[in-house]
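Below is a short briefing on one protein model.

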Amino acid sequence: MNTINNIYKRLFKGKGIVCASLLASGLSLASCSDYLEILPLNEVVLENYWTKKDDVTSVLSGCYESLASEGCLDHMNVWGELRSENLVRGSNPDNKYSEILKENILPTNDLTKWEDLYKTINRCNTVLAYAEGVQKLDPNYTEAQMRANKAEATFIRDLCYFYLIRAFRDVPMVFEPSIDDTKEYMVPATPMNQALKMLSDDLESVKNDAVLRYVDDSKMTNSEAASQAYENCSKVTRVAIYALLADIYLWRGEYDKAISCCDYVINFKKNQYEERVSNIGQMSDMFVFDGIPMIRESYANSKICGNAYTEIFGNGFSFESLFELGYSKCSYDNKYTSGSYMSGSAGRMGRYSAPEDYYQNVWTGNNVYFAKNDCRVYENISEDNGHFFITKYWFAQTQLDIDNVTDYKSLKFGYSPRSTDRSNWIFYRLSDVMLIKAEACIMKNDGDFRTAFTLINAINKRARNYTENVKNDSLAFSTYSSSREEMEKLLMLERKREFMFEGKRWFDLVRKSLRDNNTSYLANEATQKQKENAVAIKIQLADINAIFWPYNRDELKKNLLLKQNSAYSDTEDFQK
């Protein structure tokens with residue numbers, strides 16, 4: 001019996017833990033209790049269990065809980081970031097992380113296991129299999145509610161598959177739940193392009209069934225919405241589905257469809273902003289950057305920056321959030337950020353730190369990546385005695401003055417650390433959608449460089465606090481408009497700056513490699529952090545198969561239909 005079946009069976013054995021607050025918000029993990037004594041194991045139990053609305057919503061809450069588990073979040077972000085140039089060794093990482101940092105990847109490494117994601121997938125499959133039947137039995141469970149719940153489960157399942165596909169390329173695609181021991185799952189891997197199409201078709205079928213927003217926040221300020229309407233960010237909404245669809249279409253090279261999905265999200269955000277302005281007046285923490293409303297770094301009539309970081313990463317559930325895991329609303333720590341980055345009230349370095357060249361020479365304006373008036377470099381990274389701490393997610397609040405920066409003292413930097421390790425984790429926010437659209441505009445046949453540049457520049461302007469009163473230097477279109485290659489370089493650099501340490505960089509490098517049909521850019525970028533064996537690693541990464549992860553050896557033993565990635569199949573460890 002293969003690994004997937006074992007995973008599924010283990011999932012439904014024992015007690016199901018569903019939190020009371022999780023049922024309310026669809027995410028939070030606080031005040032857990034044994035809400036379900038036994039999850040369905042066979043047809044007899046199924047007949048007695050799947051009879052009312054609460055049966056569906058409780059298992060759906062378990063889907064969110066499973067996505068927020070330490071195993072899921074750690075693996076997803078290891079796959080999406082650790083092999084990139086963004087992360088270097090921090091404080092005493094376990095060997096399994098150290099080996100990946102050195103690009104020494106073996107099929108026996110636990111980080112190649114995927115069972116936590118398949119657990120989440122199976123929970124979603126169970127909701128999708130039984131929700132419709134429950135709706136026919138429970139008169140209080142409307143068809144609209146049922147379809148919305150199925151849209152939520154579809155999003156979470158397909159998000160997990162999207163991570164698996166980007167990490168491993170070809171993966172088993174299972175759309176039926178495992179509920180007992182009578183069904184075998186000896187499933188071959190589906191080729192990447194076919195699997196991505198399955199996901200886009202799947203999401204297209206439910207995208208308009210999802211709830212647009214759970215709480216009417218049209219008369220709330222941003223701070224009120226963050227504290228009262230967090231369900232709009234921590235539960236799957238229609239805009240979250242459109243964001244995921246846009247990302248998948250980008251990977252498929254269907255650029256017009258990606259742009260269309262992005263426009264849906266951007267227009268929703270424009271309307272949401274206009275609603276609030278109409279109801280409560282102009283907000284001092286918002287500014288329209290090149291036609292798109294975004295959170296300002298400084299409040300109106302102030303030059304003190306840090307507000308955008310505070311609202312998006314410090315407080316969470318911000319205006320720009322499309323879907324995030326809301327650890328801040330519960331008593332359950334975000335084990336990924338607390339283990340990986342700076343954490344704890346004393347500021348302990350995690351298993352990773354930032355490369356020194358991200359921070360060097362910032363004050364003089366000679367840093368390769370950041371301008372000296374780019375707030376993100378100071379908010380994301382701190383230096384102490386030659387150690388470069390990753391502070392993104394650790395700061396609860398930041399304040400800084402980027403006018404006339406000459407050294408650290410001139411920043412007048414102030415911050416409040418988190419009192420707990422419960423930073424939210426953002427999967428999609430407005431910046432994602434803007435840069436997905438920008439990339440699609442650059443890469444489509446009739447490249448729209450002007451639109452792409454405007455979107456990139458809007459994000460860059462916000463980071464440099466370019467507003468009506470403070471007009472710092474920004475990018476110039478003429479510098480990049482000469483070719484698609486120059487525009488793409490700008491796009492990749494802005495994605496690097498904006499999403500640094502958010503689990504996206506390696507996937508960006510992989511997507512570009514697939515599009516270019518070579519790994520030159522990826523190999524050059526990824527080996528910048530290598531102090532030893534950089535040349536050998538470049539040669540290794542020249543094989544496009546090597547940019548994906550190997551199947552774990554245990555998976556291959558239990559599922560004989562899987563065939564190991566050729567870049568790893570001759571390793572000594574695999575042969576044992």
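How many disulfides does the count come to? The count is 0 disulfides, a disulfide being a pair of cysteine sulfur atoms within 2.5 Å. The model is predicted, and local features need pLDDT of at least 70, side-chain atom pairs count only at pLDDT 80 or more, and totals for chains, interfaces and linings use all residues. Residues are numbered from 1 along each chain as its sequence is written, and side-chain values use heavy atoms, with hydrogens and water left out.

- Cys 124 is in no disulfide, and the nearest cysteine sulfur, that of Cys 63, lies 3.7 Å away.
- Cys 124 is buried at a relative accessible area of 0%; buried means under 20% relative accessible area, exposed over 50%, and partly exposed in between (1.4 Å probe, protein chains only).
- Cys 262 is also in no disulfide, with the sulfur of Cys 261 as its nearest cysteine sulfur at 7.0 Å.
- The relative accessible area of Cys 262 is 0%, so this residue counts as buried.

**Overall fold**

- The protein chain has 26 helices and 14 strands, taken as DSSP runs (helices: H or I, at least four residues; strands: E, at least two) numbered from the N terminus.
- Of its 576 residues, 60% count as buried.
- The accessible surface of the chain is about 21700 Å², and 46% of that belongs to carbon and sulfur atoms; areas come from the Shrake-Rupley method with a 1.4 Å probe, and for residues only the protein chains shown count as cover.
- Among contacts between residues at least 6 apart in sequence, 69% join residues at least 24 apart, where contact means heavy atoms within 4.5 Å.

- Beyond its neighbours within four places in sequence, Phe 427 is in contact with residues including Leu 67, Met 76, Tyr 163, Phe 323 and Lys 504.
- In helix α14 (residues 307-315), 8 of the 9 residues are buried.
- Those buried residues pack against α10 (222-228), β7 (292-295), α16 (375-380), β12 (395-399), β14 (425-429) and α19 (449-463).
- Just after α14, Gly 316 has a positive phi of about 80°.

**Salt bridges**

- The whole structure contains 45 salt bridges, each a side-chain nitrogen of Lys or Arg within 4 Å of a carboxyl oxygen of Asp or Glu.
- Asp 217 pairs with Arg 276 in a salt bridge, with the closest N and O atoms 3.1 Å apart.
- This pair links distant parts of the chain, since Asp 217 is in the loop between α9 (192-204) and α10 while Arg 276 is in helix α13 (residues 255-280), 59 residues apart.
- Asp 217 is buried at 4% relative accessible area, and Arg 276 is buried at 2%.
- Glu 486 and Lys 489 form a salt bridge at 3.7 Å, N to O.
- Glu 486 and Lys 489 are about one helical turn apart because 3 residues separate them in helix α21.
- Glu 486 is partly exposed at 25% relative accessibility, as is Lys 489 at 43%.
- Lys 496 and Glu 525 form a salt bridge, their closest N and O atoms being 3.7 Å apart.
- Lys 496 lies in helix α21 and Glu 525 in helix α23 (residues 520-526), so the pair ties together parts 29 residues apart in sequence.
- Both Lys 496 and Glu 525 are buried.

- Most residues other than glycine have a negative phi.
- Lys 412 has a positive phi of about 55° and sits in the loop between α17 (408-411) and β13 (414-417).
- Lys 412 is exposed at 61% relative accessibility.
- Phe 501, with a positive phi near 70°, lies in the loop between α21 (484-498) and α22 (505-516).
- Phe 501 is buried, with a relative accessible area of 0%.
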